[in-house]
Amino acid sequence: MDDDILTTLKILIIGESGVGKSSLLLRFTEDNFDPEQTLTIGVDFKTKRLAIEGNTVKLAIWDTAGQERFRTLTPSYYRDAQGAILVYDVCNYSTFSKLETWLSELETYSTKRNIIKMIVANKIDMDNREVSREEGMHFAKKHKTLFIEASAKTKDGVQSAFEELVQKIIQTPDLWENYGPGSNFHLGNKEHPAQSNCSGYCNLA
Amino acid sequence: MNEEIDESDFYHQDFTTASEWEVFIARLEEIVHQWKVDDLKEEDATNLIIKQGLWNIKQEKLQFVDVEFTLFYYKNTSVQHKSVEDDDDTKKCKHPLENLHDFVMYSESHNNLECPLAEWYGLNEFITLNFSSPNGIHVESQIKLLLSSTQLAINNTNCTIPIFVQIRDKWQNCYLGVYEDEQIRTNFEMIHLRKGPQHCQYLTGLVDLFKTKIMSPVSLPPITVSVQLTFHLIEFGISTWKQDLHDIDRENFDLESICALPFGVTHDPVTNLILKTTWSHLPDHLIVDSENYSDFDPMQAPKWSCYVVMTDQSLCLLSESLSDVLNTVNNNSSVYDILGDFVSSADHNLDNPLDLLTEPKLPTFSTVLKRAARNSLPKSSKGVAPLSEEVLVPILYFLFPDADDENAFPYSSNKEKDNGDNMSSSHTPSMMETECKGFKTCKENSLPWRIAIMFVQTLGMLGGPKAAAHLWFEFVQEMRFRWEKSIPIPGLPSGYPDPRTCLLNQKLQMLNCCIERKRARESRETSTPNVENQTVDPNSSTDDEEFYDCSPDKPDEEDKKRARHSLWNQPVGRLGKFENLKLIKTGDPLYIPITQDCVPKTEDQLEEDTDVLLQLGSDAQGSELRAKMMSASLLSDMESFKAANPGSILEDFIRWYSPRDWIEESELDEWGQKKGYLSSRMLISDNAWIQMWESAKPVPANRQKRLFDDTREAEKVLHFLDSRTLSQISDMLFSIGSHAAICRLYEECEQVSSVLPTAFKSLQRIIKYVEKISRNGKICDRIGGNLIQQIAALELCISQAHSLLYKLNPSRGCEQNIDPFVEKLMNGDEIEIEGTSKSYIGGRLITMFSEAQKLANMIMTEHGGLVDHHPTGNITFPHPHQREFVMRVSAVRPATYSIKSPQFLRTILSKNEFRLVGAFSEDVVFF
Ligand SMILES: Nc1nc2c(ncn2[C@@H]2O[C@H](COP(=O)(O)OP(=O)(O)O)[C@@H](O)[C@H]2O)c(=O)[nH]1
Ligand SMILES: [Mg+2]
């Protein structure tokens, strides 16, 4: 049954506590929104299969606690992740300001060289917005990451966030292809895109 | 032209009785015709075209009776060919010999046609008929038959291309050929002998021969002569390139000679330098070249050119030493298997003469005394240890320079290193650092790095697997000793195991973490006697007895005075006040507790942890279990918090721990701080946080169960190191060794980059490869072998460049035209030396040739032989390896009223060969 799986990808969700990381994960994996989502302790994960361009990939998505105290613990789980989703809450400017710290954390602890990063601006369903779309996009451009606005509550952008991230990873075989006989997967007969090593473009969702 | 068929005695009308000979001609015609058709189609429809440099070659097999032949068609693609229409219009096509082609510049990369006819005659298009049998064709009648039938076929197909038939033995490269157009027929003839007749040894005699052969009925115009003398330089004397190789010798062992990986080749990769001196198009009556006198003094030649022959057979030391490691990956014996009787695993940790090495406080006096006992291997009846003390001790001092007061090879301290990183230090090129950033290895020149280098050296030069096993054994002994004596391990980045480094580096960092905590514990035990802590046996493995040790809280004077808390409820384990927050219930300052440090883990442990978490499944139940597993540190923090803040409630804890779950209001409470409430998710009844808070007891961190058991972790690391097989050790060290090899290559590339501009490109490719290998876990023969091949190729190129630069520019002065010259030589091409003997390069060649000549003369006179006498009296150059003369003239043949036609003779004279390559034309219309 695992025959048709192209590869298994490890994806991280990081960001300040309360920005909606666990809610985004729940929305993506179970298409559900639980206002009674408990505060994550340490790390947790969920899995999901995703079909991208005729290939099925298995995703192991690691959800992390955002508190300072857990920060010393969670980076150990950054190991070997191919993608990272950095979440901020559009209604809380300080969660956006903290992204810089999260990016450098990622830089320090990720073991893959060109880990793909996606910035998700969550809770766009709320009215008391503090971070504009332009500001978010500008930040993403500056750091050469993907960018999308989303709401775990209304479903907006959630599926696309994960799909675009995975697509980008797949286009960067360096990240996920195993090295050695028998494990060299290629995507059908398609050539890998030439710019596969460049992880930086800004997707304006 | 078809009428010519009638001339043949063999012509028959009846094709059913066609003789073998006719079948042969028909087959030839068929092939040539097919080729012509293909040619007209312009595109090369047939895949049968073989490319050789600039040449296209077609071939077909055919038989004459039972002898097999191959017909080849050669065409130089770089020359624009006259099309068929042109042929009709102009009527007169150019004779293939009407070119002034004399000598081809040698090129390794292109132009190299196996068949020498093109080079000899300067042809751009021709056909050859080669026999397949090994016996060759010697009988004159056979030769004639073949030539005439081939000619017939060519004529029938209206093909004006020279055609050749190979004769005699294959190795002789002898051909007869013919070319014919409307006006002129040219016969190509060849003579090949081991030694030519005496009168044909010099140009003067050869010109006479040429004239005789032409037998022109009228007097000849001057013959145009071109000359090329070729000199070989094989003995380079003091210009021989030698890598600075240290003789590794156990008696006078010099550590410096092995602390960098070896590099380069064992023999000079340049085996032969060939100088060609050329004179072009001289009239024969103005020059003399005879036994007693020659006008051809190489020093005066108007053109000099040279190329070099390089060997790729040299042993490349760097790649070779890596391949030693790769080979050892297949050696599954344990260190103890290999060392056998020298050591038994039972008693190896009983005595530890390495004490000496690691206790720098010992007076030097006893150092000397104890020296003899340094080797950890028992000196019993069991023979000599694989690594002698003279070798082992310096190596151990190299690995552990802190053991020596006068350490010659200190590790750069972490501080220095950090500074260096920021300011792009001068000793490590920053370009390399960024290129190698993705390596999962270790810091340059750190302890694992040095072990890897020593491992490579012991494997390659100091005794092979046995010596390498001995090295590892001593290393592990030292690690154990350091742990037992609580001495920090030098040469490692401080802090927790870094997941971006290799496993060995992480393991050693882990051991250092353990040693650090042990030291902290011990220093507390000795300085402030503490009843509780004294009962802790550091070697005990019973978890229950162990307490985490953080600095004991210094009794806060202020608190002491307060009698607000009952004895059992005294605040303990406070780190400091948290901003100005007050406990909600009591109004006491909110204190940040001293907490347990988090647990260091190496990547293999993390992987185990991750596997456990993964096995719990991704459903809600799994999540809950995971939360329980992850909550040990949360519980520990809650307990510390309660201990430091008697009377605190969950809200107080959350305000410190997860401030985003505390929503403040503007209203102030009785203590003057903002009121607030927990976030909705914290209020969910009976959630994990509430449950845990309720179960947490006020226990300060130093009395809690240790989250990290340094004793157990240290033992795990030591066991890991101790139980490695040679295969596993090589596997761990291969990436580091490759990293070190790349740094070595980089240094060398820098030195030769001016003549080897592609070096950095190749290096970058190798870097990419090593990056993959370093991240991929186990190395396999195929991938490792591939890497080693790439390294060897670059290593050889660099050595070639070194060698050429050393020969042509020994002072490395800034002679600007040398670098491009060497660069071209590196490509294997023949290059003209501008300024000939007067140029700098010319001067270098003269020096090298005359040195070799002096040496040769010395040997000659010693052996009583005669000094080689050269007609020019030149002592700089040896007798030419080869002399080549090309003579051309247009002659009126065979009758006085015939038109002029090209006559040609090339002679190639060398020690073992005498070859005349001639072409003589005559008018076939007016004769
Ligand atoms: N309105 C709204 N609330 C959200 C959204 N995503 C999460 N939340 C709420 O934000 C709070 C924190 O969410 P959670 O997923 O636990 O955040 P985490 O700490 O980043 O994992 C919860 O109360 C969620 O119900 C969203 O898209 N819209
Ligand atoms: Mg969460």
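In this predicted model, 38 residues of chain A are in contact with 45 residues of chain B. The two chains bury about 3,600 Å² between them, and carbon and sulfur atoms account for 57% of that area. Ligand 1 lies between chains A and B.

**Interface of chains A and B**
- On the chain B side, the residues that lose the most area to chain A are Met630(B), Arg660(B) and Arg681(B), which together make up 19% of what that side buries.
- The interface holds 4 salt bridges.
- Arg79(A) and Glu607(B) form a salt bridge through their side chains, with an N to O distance of 3.3 Å.
- Between chain B and chain A, 8 residue pairs are in polar contact, counting pairs with both residues at pLDDT 80 or more.
- Helix H18 of chain B, residues 603-615, gives the most to the side that touches chain A, contributing 7 residues.
- That side of chain B consists of 18 nonpolar, 12 polar and 15 charged residues.

- A polar backbone atom of Gly18(A) is 2.7 Å from an oxygen atom of ligand 1.
- For Ala152(A), the distance from a polar backbone atom to a ligand 1 oxygen atom is 2.8 Å.
- A backbone N or O atom of Val19(A) is 3.4 Å from an oxygen atom of ligand 1.
- The protein buries 91% of the 570 Å² that ligand 1 exposes when taken alone.

Technical notes. Residues are numbered from 1 along each chain as its sequence is written. Chains are lettered from A and ligands numbered from 1 in the order in which they are written. This is a predicted model: local features need pLDDT of at least 70, side-chain atom pairs count only at pLDDT 80 or more; totals for chains, interfaces and linings use all residues. Side-chain values use heavy atoms; hydrogens and water are left out. A residue is near a molecule or strand if one of its heavy atoms lies within 4 Å of it. A polar contact is a pair of N or O atoms within 3.5 Å; within protein, one must be able to donate a hydrogen and the other to accept it, and residues adjacent in sequence count only if both atoms are side-chain atoms. Accessible areas come from the Shrake-Rupley method with a 1.4 Å probe; for residues, only the protein chains shown count as cover. Contact means heavy atoms within 4.5 Å. Buried area is the accessible area (1.4 Å probe) that two parts lose on being put together, summed over both. Helices (H or I, at least four residues) and strands (E, at least two) are DSSP runs, numbered from the N terminus. Ala, Val, Leu, Ile, Met, Phe, Trp, Tyr, Cys and Pro count as nonpolar, Asp, Glu, Lys and Arg as charged, and the others, Gly among them, as polar.
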